[in-house]
Amino acid sequence: MRIDILTIFPDMFPCVLNTSILKRAQDKGLVEIHVWNLRDWTTDKHQTTDDTPYGGGGGMIMKPEPIFAAVETLLGEEKVPVILLTPQGRVFNQEMAQALAQQERLLFICGRYEGVDERVREHLVTEEISIGDYVLSGGELAAMVVVDAVVRLLPGALGYERAAAEDSHATGLLEGPHYTRPPVFRGWEVPEVLRSGHHARVAQWRRLQSLKRTLERRPDLLARAPLTQEEKQWLREQGYEGPYYDENENADLRTDN
Ligand code: SAM
C-alpha cells in the first residue's frame with residue numbers, strides 16, 4: 001500500500017510514523033508513507049496556503065490552488081481515494097478501516113483553520129472522514145489515527161497475526177479482559193479457566209466475557225454483531241431483547257423472537 005498525506009505541518013508526523021507497528025510495517029515494505037508539505041505547491045513568495053473567507057467572518061480558509069496542484073501532481077490520472085479529514089465527515093470506525101486497508105493507495109488532506117475551500121470538497125475529494133464528534137485544530141492527528149488503524153490491518157503488520165481479528169470491533173463486539181503474570185496480584189486472582197490450559201474452555205470463556213462486556217458498555221453494538229442462537233438466548237436471559245443482526249438478510253436489522 002502507498003499513503004500520501006498533505007499537510008502544512010509535516011513535522012507533526014515523523015515521531016508517530018517512525019514508532020512501533022507503523023515503523024515496522026514500513027520497514028517490512030507493507031506500506032510506503034509519504035508526508036508532503038502543501039507549501040511546496042504554492043507559487044507566491046510567502047508560500048501562502050490560506051486566505052480570508054468570502055462574506056466575512058473570522059478565521060482563515062485553506063486555498064484551493066495548492067491542494068489541487070498537489071493532488072494532481074501526486075496522482076496524475078490514477079484513481080485513488082482522496083480523503084479529507086473533517087469533523088463533518090462520516091465517523092470513522094473499524095469497518096471503514098477494513099475497507100481502506102483493501103486499497104492499494106490512499107491520499108489524505110489535512111485541513112487547518114476554518115477548513116478547506118468548498119471546491120476542494122466538491123471537486124477533488126472522494127471521501128470525508130471524521131474521527132469523532134469534536135473539533136480538532138487540524139486534520140493531522142485525525143490522519144494519524146486513520147493511518148494507524150488501517151496499517152495495523154495489513155497482513156504481516158502485527159507480531160501476533162490473529163490480534164487484529166480478535167480486537168474490539170473486529171468481531172462486532174468488544175474484546176473481553178486480559179491478564180498476564182503474576183497469577184495473584186495484591187490478592188486479586190487471574191480467573192482459573194485462563195490458567196487451565198484448556199483451549200476450548202478458554203475460547204468459550206473469552207466469548208462470554210466479550211458478550212458481557214458489550215452488553216454492559218455498548219449494547220448498541222449487539223444489533224450489528226453476528227451471534228449464534230445460544231448467544232442470543234443468553235442475552236435474552238440477561239434482559240436484552242434485540243434488535244439482532246440477521247445474517248440471512250445481510251446487514252438488515254430485526255428483532256429476533
Ligand atoms: N470550521 C470547521 C467546521 O466547523 O467544520 C472546523 C475546522 S477545524 C478547526 C480545522 C481542521 O481540523 C479541519 O479542516 C479538519 O481537517 C480537522 N478536524 C477537526 N476536527 C476533526 C475531526 N473530528 N475529524 C477529522 N478532522 C478534524
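What follows is a set of questions and answers about this predicted model.

Student: How many helices and strands does the protein chain have?
Tutor: Happy to start there, and keep in mind that the model is predicted. The secondary structure of the protein chain consists of eleven strands and nine helices.

Student: What radius of gyration does the protein chain have, next to a compact globule of 257 residues?
Tutor: Let's begin with the reference: a compact globule of 257 residues would come out near 18 Å. The C-alpha trace spans about 70 × 40 × 40 Å along its principal axes. For the protein chain itself, the radius of gyration is 23 Å.

Student: What share of the residues is buried?
Tutor: A residue counts as buried when its relative accessible area is under 20%. Among the 257 residues of the protein chain, the buried share is 41%.

Student: Of the contacts with a separation of 6 or more, what percentage joins residues 24 or more positions apart?
Tutor: Good one! Here we take the contacts in the protein chain with a separation of 6 or more and ask which of them link residues 24 or more positions apart. Their share is 67%.

Student: How far apart are the centres of the positive and negative side chains?
Tutor: There are 40 negative side chains and 29 positive ones in the protein chain. The distance between the centres of these two sets is 7 Å.

Student: Which residue does a cis peptide bond join to glycine 242?
Tutor: Omega is about 10 degrees for this cis bond.

Student: Is serine 20 buried or exposed?
Tutor: Serine 20 belongs to helix H2 (residues 20-27), and its phi is positive, near 55 degrees. The cut-off for exposed is over 50%. Because its relative accessibility is 53%, serine 20 counts as exposed.

Student: And how does histidine 169 count, by its relative accessibility?
Tutor: Histidine 169 has a positive phi of about 80 degrees and lies in the loop between H7 and E8. Partly exposed covers the range between the buried limit of 20% and the exposed limit of 50%. Histidine 169 has 36% relative accessibility, so the label is partly exposed.

Technical notes
Residues numbered from 1 in each chain as written. Heavy atoms only, no water. Helix = DSSP H or I, 4+ residues; strand = E, 2+ residues; numbered from the N terminus. Rg over C-alpha atoms; globule rule 2.2 N^0.38 Å. Buried < 20%, exposed > 50% of the residue type's maximum accessible area, 1.4 Å probe, protein only. Contact = heavy atoms within 4.5 Å. Lys, Arg positive; Asp, Glu negative; His and termini not counted. Charge placed at Lys NZ, Arg CZ, Asp CG, Glu CD.
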